[in-house]
Each structure stands twice: as C-alpha cells, then as structure tokens.
Amino acid sequence: MENFTALFGGAEPPPAAAAALGFGPAKAPGAGAAPPPAAAAPPPGEDAARKAAAGPFYLLRELPGTTELTGSTNLITHYNLEHAYNKFCGKKVKEKLSNFLPDLPGMIDLPGSHDNSSLRSLIEKPPICGSSFTPLTSTMLTGFRLHAGPLPEQCRLMHIQPPKKKNKHKHKQSRTQDPVPPETPSDSDHKKKKKKKEEDPERKRKKKEKKKKKVGGNSSSCRVMPRTSCPRRPVQDPELHLCSWHLPQSCAPRAGNVFSRVLPTNSPRRSRAQLHTGPAQGGGGC
Amino acid sequence: MAMAEKFDSLEEHLEKFVENIRQLGIIVSDFQPSSQAGLNQKLNFMVTGLQDIDKCRQQLHDISVPLEVFEYIDQGRNPQLYTKECLERALAKNEQVKGKIDTMKKFKSLLIQELTKVFPEDMAKYKAIRGEDPPP
C-alpha cells in the first residue's frame, strides 16, 4: 500500500485516459513543450467559478479548438502543394546531378570530397578573403602570364564530360522478321558489294550538292535555333553553324577564333552557348 | 521585384559566370601567346561576374536553403530528390498522425459509451458540461 500511495498520491493528476477525456491536465505532446494557456494557474476567483461549473469533476479543462490545424487534415492539400507532390513523386526523378544541371561542364556527378570542391567545406571553412571584389590591375595581371602550349592531360578537367547514354535505335524489322540463315560467301555477295561501292560516290555527290544548296539558303535568311535547355533568349544563328559566345568587340567571332567551332545543330552545348550568343556587346556584360 | 525575377537574375549571372570560366578553361588548356589579352579580359570578367552575383545576395537575403540539400549536391545527387523525399516524409508523417488522432477519437467515444453504462448520472452531468461529442 505504501508503494501505491507513493506512486499515486492524492494530489497526483488523473491518468492519461482521463486526461484525454478532458478530466485532467493532459501532457502536452512532446517532452518539454510549454503547457497551453488554459493549463496555466488561473486566479483564485476564476478557479472557484470553474469548479462550480464543472460540478463533480475536478481539473476540467477546455477542449482544444476545432479550428486548430492538426495532422488530421491533409497538409499537402492545405498548403497547395499537390502540384509539387505530383511533379516530384508522380514520376521518377533522375538520380544524378548532371540530370539536374545538364549544361554544367566537367564531371559534376563525382562526390565533392574527391577534388575538395564540396559545398559543405565551403561553409565550414570559408575562404579567407575580403568582402568586396576589385578588378585586377595591369600589374596584378602580370601574374597570369602563361607559357604557350597545351596543358598536360591530367590537368584537363574542364574537358571531361560524363558519358551520355545514347538511345540505341533498334531496327524493328530485324526483330520482327525471322532470322535469316547466314549465307555462305559467294559471288553474288561480291557483286552486291561492288554495286554498293559504285553507288556510294554518286550518293555522296548528291548529298554534297544538297548541303551546298541548304547552306546557300541559310546564308540569305538567318535561322532561329530552338533552345533546348533555357528558353530565355532565342538567338539568330550565324552562317555555317558557327557557335560564338558572348564576347567583346575585340574577340568577336571570326573564322580562326578560339571560341568559334563547328557544332552539330542538336548539340546541347550549342544551345547552351546560344544563351550568350548575339552581337558582341561592347566589352561589358560577360 | 517578384520572386521569380530574382531567381532568374541570379540564374542568368551564374550561367554567364560558368560560361566565362569554361571559356577561360579553353584558353588555358591550349595557351597561345596571342591569347594573353583575351585571358586578361576573361579574368576581369570573372571579377565582374562575382560582383554581379554578390549584388544578387541583397535581393535574396530572405531565402533559406536547408543544409541537407548541399549534402545531396556534394554527393553528386539530384537536389530534387531531397524535395521528393521531404514531401514523401511529410505525407507519411501526416498519415501517421491522422491515424493516431482517429484512433484516439474512437477510443474516446468508446470510453464515454462504457462509462455511461457504469456511471450514468455522472456521465449525464459530464455531457451537460461538455456537450454531445460528434461521432468519430
């Protein structure tokens, strides 16, 4: 009995079930949470009035308001996040960082700890520098005089791109058709090959002619290239698929420029470069 | 300035900066003495690019980014996966809490029902004070 009285003294609050019913002070969810305002010690006059209203019940508290936002409501719909939920959870999100930033050069899928380029290290050990950025003076720029020649292979990190998966176009015909038994090499094969060889130069000529025609047509009217990644600024394409970047007047695209190179029309890099393409703006902007 | 415009401005500056760095890399990878002027120009563009990005900081001071996102990026993972996992976790927790609330409501109604059988007078008084509870 002593144990019982020690555990459940007269002044002890009623058990949790009673508290849930509103008979006694229920513990607030979460340890250390502040008690609700109703549980705070009321003034003596108010206490007497409450006792009278409660009748035979003691420590009767008011029930929480029904307008309070709880987990019983769907919080995603409450905060209008259905669109975000469907967007991210409806379909499969690609795992790699390069899928999120497809135009970023370099191997960005590797962990940042490999080359000490992690963002966390930037936060934990911020670089020691001034608060403002000042342009480099001519004397400062003398420190950036480089030797002529290519970089060694191990230093060419900028050019390494992650291998992109290509969609292999499988021939449906070869699948549907029955497998043809391999023929033994015969004279007929040689003839076929010869025929192909004879036809090839003719085809090449025809293709070249077509290409020439196309180039001629393009030079007269500039073609607006579709942008794949950033549909911000459609830029007119200069002739011969030359890709130029945002350059000052002195480096404006010309035939032998470092920044002009031939790219295929559907290259992602091309679309990237178009963001900064356009008539070379006078020195600023880059 | 609208929120989207702020982000667009930052994005544009970052893209220009990255592009400038890429061009710098091309110049440096096969350096020619004639391209020293271009290199100097690119270096100064880099400084102005950093200045432009720094200016964007004032407009975005009220944006907070969870640190966990940086972990995703550092591991070479798509940061959208973090958003996805957050939403999934929120929904799972929401459902869990809803289940608990529903169970507690059922328990309350059953308890009242049983107490009414044993202590009908007291429960009548209780109901008079509290009012009739809606069924769970």
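Reader: How many aromatic pairs are there over all chains?

Author: The count is two over all chains. Rings of Phe, Tyr and Trp (its six-membered ring) pair if their centres lie within 6.5 Å; planes under 30 degrees apart are stacked, over 60 edge-to-face and the rest tilted. This is a predicted model, in which local features need pLDDT of at least 70 and side-chain atom pairs pLDDT 80 or more, while totals for chains, interfaces and linings use all residues. Residues are numbered from 1 along each chain, chains are lettered from A, and side-chain values use heavy atoms, without hydrogens and water.

Reader: What kind of pair do F57(A) and Y126(B) form?

Author: The pair is edge-to-face, because the ring centres are 5.6 Å apart and the planes lie at 80°. It crosses between chains, from a loop of chain A to helix α5 (residues 120-130) of chain B; helices are DSSP runs of H or I, at least four residues, numbered from the N terminus.

Reader: Is F57(A) buried or exposed?

Author: F57(A) is buried at 12% relative accessibility, where buried means under 20% relative accessible area (1.4 Å probe, protein chains only). Y126(B) is buried too, at 1%.

Reader: And how far apart are the ring centres of Y72(B) and Y82(B)?

Author: They are 5.7 Å apart with planes at 70°, so this pair is edge-to-face. Y72(B) lies in helix α3 and Y82(B) in helix α4 of chain B, so the pair ties together parts ten residues apart in sequence.

How values were computed
Helices (H or I, at least four residues) and strands (E, at least two) are DSSP runs, numbered from the N terminus. Buried means under 20% relative accessible area, exposed over 50%, partly exposed in between (1.4 Å probe, protein chains only).
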